[in-house]
Amino acid sequence: MAVGDLVTRPGHIQYGTFLFGPGTPYQWEDLTGWDDLPDLDSGTVLRPAAHGAYPGDLLAQTRVIGLNGLIIRAPLKEIGAAAGALTSATGPAAGELPLVAWLDDRGPLLVLARVVRRAVPTNGYRVGLSVGGAIEWEATDPRRYDLIEQVATATLPAPERGLVWDTAPAQVLDEDQAAGVGALWRWWTDGDPVLTGDGVGAVTIHPQTAGGELVWTAADSTYGWPVSVGAEVAFTSALAAELGATIVLRWWDASDTYLADATGPAGAERFTATAPAGAAWVQPVVLLPDALPDPVPIGASSLLISVAAGSLTWPLDFGTPGSTGNVSVINGGDAATHPVVEFRGPVERPSLTNVATGDVLEYDMPLAEGDVLTIDTAAGTVTLNATASRLYTVTSRSVPEQSWTLPPGPAQLQFRAAAGDPTASVTVRHRAAYW
C-alpha cells in the first residue's frame, strides 16, 4: 500500500494503515499542532556592547500533533473490536510511521511520527460509544511533505551532432532500376528504340536507327530527380560503355522548363556534372549512336546526387540530442527539503552541484555499470548498492550531506564527473516540504 492511499477526502487521517474520519467508526473534532509552527531553538546572541543581538539560526524542534475529541461509534457487540483495532494501531513503536492528514482544499500532507500519548474513555462502551478520546503524535522531522515524490534524472554532458551539412552523394535509383530489371515505366525512349522485358528478367533495348535516346525516369516526377544548385551529379551506365553511347545530364527548372544539357564524352561509362543556376531537376539520358541487329540489356546504372555545399535539405537532421548534464527540480513548498540522490555508473568521481547555492556533493570513487551510490541527505548516509557505506569517499569540495538541501522554489542542478560513460546518470528524489 502506498503512503496515504486510504485518504480520499477532507477529514481523513491515516496513521500507518489505520484510517480516521468519514466512513470509519473513528470521528474526531480537532487536530492541533498540524498547521502550527513548531517550537524553535534560536541561535540569536545578545550584542555585548550595543543594543539588540546578533541573529542566529532558527532550528525547529519536533512537531507535536494532537487528535482531540475522538469518538468511537460502533454496534454494541462490535465496540470492543473497534476500540481494540484503534489501540493496536496506536501503540508504542520503535520507528516512525507515515501520518497523513487531509484537512481542507490544500489536499493531504505527510509527516513521519509515532504515538506518544493516547486516551480512550470506556464510559460509553455499554451503548457502543467512546467519547472524548485523544491521541498525540511526535514527529522528529517537523516538516510536512507532499505525498507525491518528485523524480528528476540527468546524464553526463554529451555533445549533439547538430545540423548535417553533408555533401556526400547518395544513390537515388531504386534497386530494380539500378539493376536494369523491373517495370518499363522506369525508362522511356525518344525515337525508335524498343524496350522489352517489363518485369520478366532483364529489360532490353533495341535501337533500329541511329540517334535514339534512352531516358531514366523517376517514380514521382516526369522531369527526373530533385537537385539543388551547385550539387554534384554523377551518372554511370554500363550500356553507354558497351555501345559507345554518350551520357547526357538534362536540367529542368522548378517550373518544369528545360534549361540545358550537360554532355559527357562518347563511350564513357561515367559522367559527372554540377547543377547549373536555376536547376531543380536532373534527368539522365543515354544517346544511342547506332542501330543494332539485336536487343541488348540496359544493364546496371547509378545516379548519385550530392547536397550542394553550404545548403541543407528538408527534413533537417539535427542528429541525436545531446545532454547538458543539468537537471531542473522544483520544491513547491515553503521549507527546505532533503532529497535522496542516486549516482549510477559507469562513472568516476561523480558530483552534483546546486547552481544557486554552490553546494556540492562529490565522491572520489569509481562506479561500474550497474553500481548505484545513494546519498540520503536527511540521514547523512552514503551507501553503495544499498549495502556498504562509502561516506569516507567524500571529497574536500563537498558540503556535509545533511546541509545539502533544496530551498523552496526552482533549482538548477549540474551533474559532472572526472570521467564517465554517456549512460551514467544521477537521479534526484524529493518531496515538497512545508512548515
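User: Is Phe20 buried or exposed?
Analyst: Phe20 is buried because its relative accessibility is 0%; buried means under 20% relative accessible area, exposed over 50%, partly exposed in between (1.4 Å probe, protein chains only). This is a predicted model, where local features need pLDDT of at least 70, side-chain atom pairs count only at pLDDT 80 or more, and totals for chains, interfaces and linings use all residues. Residues are numbered from 1 along each chain as its sequence is written, and side-chain values use heavy atoms, without hydrogens and water.

User: What about Tyr26, buried or exposed?
Analyst: Tyr26 has a relative accessible area of 6%, so it is buried.

User: How do the rings of Phe20 and Tyr26 pair?
Analyst: They are edge-to-face, 6.2 Å centre to centre with 70° between the planes. Rings of Phe, Tyr and Trp (its six-membered ring) pair if their centres lie within 6.5 Å; planes under 30 degrees apart count as stacked, over 60 as edge-to-face and the rest as tilted.

User: Which aromatic cluster has Phe20 in it?
Analyst: One formed by Tyr15, Phe18, Phe20, Tyr26 and Trp137.

User: New topic. Which residues touch the most other members in the largest nonpolar core?
Analyst: Trp216, Val227, Leu249 and Trp251, out of 33 residues. A nonpolar core is a set of buried Ala, Val, Leu, Ile, Met, Phe, Trp, Tyr and Cys residues joined through side-chain atoms within 4.5 Å.

User: And what lies apart from it?
Analyst: Another core, of 26 residues, including Val341 and Leu413.
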